[in-house]
Each structure stands twice: as C-alpha cells, then as structure tokens.
Amino acid sequence: PENRAAYEKLMKKLISKAEKEFGSGAVTSVNSSDLAIARKFAKNVSKDTIGIAGGAVVSSADGSVSIDNSLESVFGQNEEKLRKLVYYELFGKGKTH
C-alpha cells in the first residue's frame, strides 16, 4: 500500500482486537505480502497464506471460530459509511444519501 505506516497501524488494530477475543493460541492468517507486518503484531502467524486483498483473519487455536478482519470484510461492514463519504467528496456538503 502507498501509505505503509497507516496500513501497519490498521493491521496492528485488526490483529490485536481479534487476538483479544480468543486469548492465547489465536492464529493469524494473512496474504503473502502481509506476512512481515503480521509477524510484527501477531503472536502466532500461520505459515499458510490466504487469498485476501489485505487485513487478517484470526482464528481460535482449534480453528473452529474465526474473525474475518480482511479488507474485503471491513469495507463490506462499512459500505454505507463509505458511500456517504464518497458522495460528500464528490458533491460537497449537503445530503449524504
């Protein structure tokens, strides 16, 4: 990503938030280009990479439950907010929907 520092900050937040939910033994999975970043912030990074655009998927130790913090998932969860932001950027103040 163009703004590496901001992306690393986001990754730290996405990983640490999910790891807190599972406690020790959580396994973090990322794409191949994010392995180095994940190793900086995650306690346990999977050797196997996954096919996501970015972000991380954090699973319980036994793999039965996971938190999808991939960029695709994060953007999907915030789609309406993003739509309003784009509208504002394109058309200025006023109605946001």
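The model being predicted, local features need pLDDT of at least 70 and side-chain atom pairs count only at pLDDT 80 or more, while totals for chains, interfaces and linings use all residues. Residues are numbered from 1 along each chain as its sequence is written, and side-chain values use heavy atoms, with hydrogens and water left out.

**The largest pocket**

Let's start with the largest pocket, which has a volume of about 180 Å³. On a 1 Å grid over the protein atoms alone, a pocket is an open set of points where a 1.4 Å probe fits, with protein on both sides within 12 Å along at least five of seven lines; lining residues have an atom within 4 Å of a point. The volume is the space filled by probe spheres set on the points, which are joined across faces, edges and corners.

The lining consists of Leu10, Lys13, Leu14, Lys17, Ala18, Glu21, Ile67 and Asn69. Helices here are DSSP runs of H or I with at least four residues, and strands are E runs of at least two. By class, the lining has 4 nonpolar, 1 polar and 3 charged residues.

**The aromatic pair**

The structure holds 1 aromatic pair (ring centres within 6.5 Å; planes under 30 degrees apart are stacked, over 60 edge-to-face, the rest tilted). The rings of Tyr87 and Phe91 have centres 4.7 Å apart and planes at 50°, so this pair is tilted. Both residues sit in helix α4 (residues 79–91), 4 residues apart, which means that about one helical turn separates them.

Buried means under 20% relative accessible area, exposed over 50%, and partly exposed in between, with a 1.4 Å probe and protein chains only.

| Residue | Relative accessible area | Class |
|---|---|---|
| Tyr87 | 32% | partly exposed |
| Phe91 | 55% | exposed |
| Ser70 | 3% | buried |
| Thr28 | 0% | buried |

Ser70 belongs to strand β3. Its side chain makes a polar contact with the side chain of Asp68 at 2.7 Å. Leaving aside neighbours within four places in sequence, Ser70 is in contact (heavy atoms within 4.5 Å) with Ile52, Gly54, Gly55 and Ala56.

Thr28 lies in strand β1 (residues 27–29).

Methods. Ala, Val, Leu, Ile, Met, Phe, Trp, Tyr, Cys and Pro count as nonpolar, Asp, Glu, Lys and Arg as charged, and the others, Gly among them, as polar. Rings of Phe, Tyr and Trp (its six-membered ring) pair if their centres lie within 6.5 Å; planes under 30 degrees apart count as stacked, over 60 as edge-to-face and the rest as tilted. A polar contact is a pair of N or O atoms within 3.5 Å; within protein, one must be able to donate a hydrogen and the other to accept it, and residues adjacent in sequence count only if both atoms are side-chain atoms.
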